[in-house]
Amino acid sequence: AYYKEFRKVVEAADVILEVLDARDPMGSRCKEVEEAVMAGGRAGKRLVLVLNKADLVPRENLLAWIKYLRNEYPTIPFKASTQHTARLGHAKLNMKKVDQQISTSKCVGADTLLALLGNYCRNKDIKTSIRV
């Protein structure tokens with residue numbers, strides 16, 4: 001039943017986001033899912049790796065994982081917002097200029113992820129929206 005639902009989601013989606021724990025990307029990665037996404041469905045399906053909890057690892061480790069994982073798929077470091085307000089903020093950080101760990105209560109990586117999804121939408125000449 002699970003695999004059947006998984007296949008339905010993959011078939012319906014234009015882009016699949018695989019969320020990995022930045023503290024152990026390889027341990028939270030599922031190669032079988034990646035292979036199923038890339039092998040099945042219509043042509044042009046995209047897979048994006050999202051390194052979540054990027055604020056919990058040293059900057060050097062995070063950059064090394066990003067470089068390693070980008071050899072296979074687009075990879076975006078991400079940190080969810082921890083603010084307890086009605087209006088959540090986004091922080092724009094250039095990972096190459098950050099000297100230490102990410103230390104903000106705002107969301108990091110959302111702008112990059114949305115820009116990447118927007119590029120996919122334009123590249124596929126989709127006039128309405130894409131399914132993620």
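Y2 is exposed in this predicted model. Its relative accessible area is 66%. F6, by contrast, is buried, with a relative accessible area of 15%. The two values fall on opposite sides of the scale because buried means under 20% and exposed means over 50%.

Both residues belong to helix α1, which spans residues 2-12. Y2 and F6 are four residues apart there, about one turn of the helix. Three aromatic pairs occur in the structure. Y2 and F6 form one of them.

Another aromatic pair involves W65 and Y68. These residues sit in helix α3, which covers residues 59-69. They are three residues apart, again about one turn of the helix. The centres of the W65 and Y68 rings are 5.8 Å apart. Their planes stand at 85°, so the pair is edge-to-face. The cut-off for that class is over 60 degrees.

W65 is partly exposed, with a relative accessible area of 27%. Y68 is partly exposed as well, at 41%. Both are assigned to this class because their values lie between the 20% and 50% limits.

Note on methods. Residues are numbered from 1 along each chain as its sequence is written. This is a predicted model: local features need pLDDT of at least 70, side-chain atom pairs count only at pLDDT 80 or more; totals for chains, interfaces and linings use all residues. Side-chain values use heavy atoms; hydrogens and water are left out. Rings of Phe, Tyr and Trp (its six-membered ring) pair if their centres lie within 6.5 Å; planes under 30 degrees apart count as stacked, over 60 as edge-to-face and the rest as tilted. Helices (H or I, at least four residues) and strands (E, at least two) are DSSP runs, numbered from the N terminus. Buried means under 20% relative accessible area, exposed over 50%, partly exposed in between (1.4 Å probe, protein chains only).
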